[in-house]
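Thanks for asking me to look this one over. Here are my notes, point by point, to read alongside the model.

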Amino acid sequence: MSWAALGLGAAVGVLALLHSAADYVAVNSPSWFVLAGIVVAVLARVFARTTGQRYAGLLIATALLLPTACTLLLLHLLRAVGAIPFPVDPISACVSLGAAIALYSLWFLPNPLRPARDLLVPVPAWMPLIGIAASLVYPTLKTLWAFGIDVAAPPDTVGVVDATFYITVAVSLAAVPALVIAMRWWNRPAPKWVRPVALIGGLLLLSLGVSGLWGVARSPADDPATGLLVYGGWLVWGMTTLATAGRLSPKNHKTR
C-alpha cells in the first residue's frame, strides 16, 4: 500500500509539472515540489541504511510535499466551499489530494521511513520556549499595526482590525499554553493523544512557513523583510513543535 501511494504521488507530481496551474497555486508551491519529494522518499527507501539516513529522507520529502499536500489542499477546500470567492483549480486539487495521500503513507503506513512510535528524540527543554517566541512574532506585529504603529507593516495594514487579525492572533497565542502544557510531560510519559496532535500542528505550521517563504522568494519586491519575519517565524514554530512532539513519550502515564 505504501508503494502504491508513492506511485500515486509520482503520477500527480508529473501532472503538476505538465499542468498550467492557477496563480494561487504557483504562489504557494512550485510545480516540481511534489515529484522531487517523491523521488527523495523513493531514494531514501531504497538506499538508506541507517536510522539517521531514513529520517533525513523522510523529513526532506515531507518538507517538499507539505506545501502542496497541506497548504494548497486547504486553499482548494476553502475555495470549493465558497469561503474564498474564487474558482477552484480542479486539476491542482487532485494533485494536492494525491500528494496528501503520499505524505500520509510516509508517516502512517508501514514502511522503512516511518518513525518508531516509541522513539524518544533527545531535545533540550528550551526548545518549546523558542517555539513560543516564534509564535508571538505575528500577533505582536498585528497588534502594533492595529494600534497604528508602522513597524515593517505592508501597505494598507496599519490601523486595520479585521477578521484576519482576530484569527491569526488567537491561533498564534494558542501556542503559548499548548507548548507550556507539553513541557509538563518533559520528564514523564505523556498521554497518547499529545504526540499526534503536536505532530499534526507542527506539520501544518511547517507547511505554511515553507509556502510563505516560497511566495516571498517568488515575489521579493513585495516587502520581503516582513514576509521573512512572519513566515520564518511560522517555520521555526513548526520545527520546534515537531521537536517537542519527538521528545514526548506516547506511553500512558498513571499516577498512583
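1. A term to start with: a nonpolar core here is a set of buried Ala, Val, Leu, Ile, Met, Phe, Trp, Tyr and Cys residues joined through side-chain atoms within 4.5 Å. Please keep in mind that this is a predicted model.

2. With that in hand, the largest nonpolar core has 24 residues, and Leu 65, Leu 106 and Trp 107 have the most contacts inside it. At least two residues come from each of helix H1 (2-18), H3, helix H4 (51-80), helix H5 (90-108) and helix H9 (194-218). H5 gives the most, with seven residues.

3. Leu 65 is worth a look on your screen. Leaving aside neighbours within four places in sequence, Leu 65 is in contact with Val 34, Gly 37, Ile 38, Ala 99, Leu 103 and Leu 106. There is also a second, separate core of nine residues, with Ala 134, Tyr 138, Val 230 and Trp 237 among them.

4. How do H3 and H4 pack? Their angle is about 165° and their axes lie 8 Å apart. Angles over 145 degrees count as roughly antiparallel, so H3 is roughly antiparallel to H4. The crossing of H3 past H4 is left-handed.

5. On the H3 side, this contact includes Phe 33, Val 34 and Phe 47, and on the H4 side Gln 53, Ile 60 and Leu 65. By type, the contact residues are 13 nonpolar, four polar and no charged.

6. Finally, Arg 45 sits in helix H3 (residues 33-47). Is Arg 45 buried or exposed? Arg 45 has a relative accessible area of 15%, so Arg 45 is buried. Beyond four places in sequence, Arg 45 touches Ser 2, Trp 3, Leu 6, Asn 111, Pro 112 and Leu 113.

Technical notes:
Residues are numbered from 1 along each chain as its sequence is written. This is a predicted model: local features need pLDDT of at least 70, side-chain atom pairs count only at pLDDT 80 or more; totals for chains, interfaces and linings use all residues. Side-chain values use heavy atoms; hydrogens and water are left out. Helices (H or I, at least four residues) and strands (E, at least two) are DSSP runs, numbered from the N terminus. Buried means under 20% relative accessible area, exposed over 50%, partly exposed in between (1.4 Å probe, protein chains only). Contact means heavy atoms within 4.5 Å. Axes are lines fitted to C-alpha atoms, for helices over the stretch in contact, and angles run from 0 to 180 degrees between N-to-C directions. Angles under 35 degrees count as roughly parallel, over 145 as roughly antiparallel, 65 to 115 as roughly perpendicular and the rest as oblique. A crossing is left-handed if the near helix is turned anticlockwise from the far one by less than a right angle, and right-handed if clockwise. Ala, Val, Leu, Ile, Met, Phe, Trp, Tyr, Cys and Pro count as nonpolar, Asp, Glu, Lys and Arg as charged, and the others, Gly among them, as polar.
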